[in-house]
Amino acid sequence: TQPAVSLQMQALERSLQVKLLERVNQQIVVTEAGQALYQYALPMLNAEAEAERVLAELRGVARGRLVVGANTTGGMYVVPPVLASYKEQHPESELLLQIDATDRLIERVRQGIIDLGFACGNIVQPELTVEAIGIDVLTLILSTRHPLATQPSLTLEQVVAQPFIVPETISRTRQFIEQMVREHGYTIKIAMHFQGTEPVKKAVESNLGLAIVSSTAVENEVRAGVLRAMPIADLELRRPLVMFYRQGKYFGPMARDFMTYARNYPYPHK
């Protein structure tokens, strides 16, 4: 009940000797101290649940369970086939997948909400162990109705003269593309931006502009003839596919077995 929660919070505040909640304009808001406590409490609670799960797995009273996170590219096109393939061989395993932007995945892995993360691109984070397990190759895409679609390839100068469709600002794919283009002395002309790869592909399919996406994301559309994947003659876009997890994290037998499987999986670009 609400009075019981209030008594619990008051007892916690007395114990910690700080104010965790305060009333502002008839609303309860979390104080700076409350926010700080939350940031530390969440990993502690997740660590407790994780310890109980691993110990139960080692006792043989629980099946293996692993929470996997992947960025929008990896989560939509790369990681699901790995999970499905492993699940076919180990039907008793429980694999849960969360898809989000890379920066949010990193934070969830740090907090222990996600056990194992996958992303495309370099990750530098002292609290995480990062392993490169494959290569993500990006490609230029355009509508088959675009005037340049009949060309065998385009130069970067030709590409940046066209309107571009890009993902949201937080997207590491967008950041990578813009950085690589800047390093060659150009900038792209952004016509539209969307959240995720799927709406970007649809906009390009409608001939609203060009885009650069992971080649694995457009295999079906290119095969069906609704999009044209085209090389950029003077620019190669490759980045690592990485697996990452919190340093010192203990993994149970099933989790360790899955990690070995993920390392050895035959990705499109190894």
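Mentor: Let's start with aspartate 136 and arginine 239: both are buried, meaning under 20% relative accessible area with a 1.4 Å probe and protein chains only, where over 50% would be exposed and anything in between partly exposed. Before going on, keep in mind that this is a predicted model, so local features need pLDDT of at least 70 and side-chain atom pairs count only at pLDDT 80 or more, while totals for chains, interfaces and linings use all residues. Residues are numbered from 1 along each chain as its sequence is written, and side-chain values use heavy atoms, with hydrogens and water left out.

Now the pair itself. Side chains of opposite charge can pair when their charged atoms come close. Aspartate 136 and arginine 239 make a salt bridge, with the closest N and O atoms 2.8 Å apart; the criterion is a side-chain nitrogen of Lys or Arg within 4 Å of a carboxyl oxygen of Asp or Glu. Aspartate 136 belongs to strand S6 (residues 128-143) and arginine 239 to strand S11 (residues 238-246), so the bridge ties together parts 103 residues apart in sequence. Strands (E, at least two residues) and helices (H or I, at least four) are DSSP runs, numbered from the N terminus.

Lysine 201 is buried at 4% relative accessible area, whereas glutamate 198, at 31%, is partly exposed.

Then there's lysine 19 with glutamate 13, where the closest N and O atoms are 3.9 Å apart. Glutamate 13 counts as buried because its relative accessible area is 12%.

One more charge deserves a mention. The charged end of lysine 249 sits over the ring of phenylalanine 251, 5.3 Å from its centre; that label needs NZ of Lys or CZ of Arg within 6 Å of the ring centre and within 35 degrees of the ring normal.
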